[in-house]
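Keep the sequence and the 3D view open as you read.

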Amino acid sequence: MTTVINHPLVAHRVTLMRDIDTKPKQFRELVNEITEFLAFEALKNLKTVDVPITTPVAKTIGKKIKDEIVIVPILRAGMGMVDAMLHVLPYAKVGVLGMQRNEETAEPIPYYSKVPPATGEEIAILIDPMLATGGSAADAIVQLKKLGYKYIVFLNLIASPEGLDRLEKEHPDVPVFTAAKDERLNSRFYIVPGLGDAGDRIFGTL
Ligand code: PRP
Ligand code: URA
């Protein structure tokens, strides 16, 4: 199931992020801010456990997060979302999956994997700013499932209809949260209107 975050605070930031004149420093800040909004929406059903605490005024029962979380960025652009995820989930683990699209075919080429094996109880939060053909995310989800992850959520900033359809078809069990569903892919498999190459814009390598 796909959830497109429909909120003026998100839409405003997505607009600034898309702008060709937005430089890497501001681009990274926007990626982080939007990622926190996505996490806020995507993680509202996290399990909690009651804990007794004492405030300066009284004893009471509070809540702490119970679920084990593993944040999994798809290199390289997914790295741009890691700080925000660790800001809201400071006790999460981080695994990484390296994936590079073939420039002609857009087929993903996996080149690195360092993700802790799963017991099956953890929640893996896969993060990548761009979902274009869906090849990278679909392959990453296959890899996570092979490692034993049963609960996977995908957080994304800009999605194409083609990429969303593919994930829905191949991984209907993985909820997707995105800040924008765009119009289409172009002949080079870039998202239109999109924001260009997310990795280049985050790391200043245009
Ligand atoms: C980009 C992006 C996604 C992928 C999306 O990465 O960060 O991982 O393309 O495209 P897809 O849905 O068609 O697979 P890219 O391969 O350009 O690598 P980079 O992050 O190193 O720039
Ligand atoms: N990867 C990007 O960074 N941008 C796109 O539009 C498609 C794939």
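**A walk through the model**

D67 is buried, at a relative accessible area of 15%; buried means under 20% relative accessible area, exposed over 50%, and partly exposed in between (1.4 Å probe, protein chains only). This is a predicted model, in which local features need pLDDT of at least 70, side-chain atom pairs count only at pLDDT 80 or more, and totals for chains, interfaces and linings use all residues. Residues are numbered from 1 along each chain as its sequence is written, chains are lettered from A and ligands numbered from 1 in the order in which they are written, and side-chain values use heavy atoms, with hydrogens and water left out.

You will find D67 in the loop between β3 (59-65) and β4 (69-75). Helices (H or I, at least four residues) and strands (E, at least two) are DSSP runs, numbered from the N terminus. The D67 side chain reaches the backbone nitrogen of K47 at 2.7 Å. Not counting residues up to four places away in sequence, D67 touches L46, K47 and I123, where contact means heavy atoms within 4.5 Å.

Now move to K93, in strand β5 (residues 93-94). K93 is partly exposed, with a relative accessible area of 45%. Leaving aside neighbours within four places in sequence, K93 is in contact with E68, I69, V70, I71 and P116. From K93 to V72 there are 21 residues in sequence and 8.6 Å in space, C-alpha to C-alpha.

Next, some backbone geometry. Most residues other than glycine have a negative phi, and most peptide bonds are trans. Here, a cis peptide bond joins L75 and R76, with omega about 0°, and R76 lies in the loop between β4 and α3 (82-88). The bond from V192 to P193 is cis too, with omega near 0°; P193 sits in the loop between β13 (191-192) and α6 (198-203).

As for phi, A106 is not a glycine, yet its value is positive, about 70°. A106 belongs to the loop between β6 (96-101) and β7 (108-114) and is buried, with a relative accessible area of 4%. F189 has a positive phi as well, near 65°. F189 is placed in the loop between β12 (184-185) and β13 and counts as partly exposed at 26% relative accessibility.

Finally, step back to the whole. The protein has six helices and 13 strands, and buried residues make up 48% of its 206 residues. Its C-alpha trace spans about 60 × 40 × 30 Å along the principal axes.

Note on methods. Polar contact = N/O pair within 3.5 Å; in protein donor to acceptor, adjacent residues only side chain to side chain.
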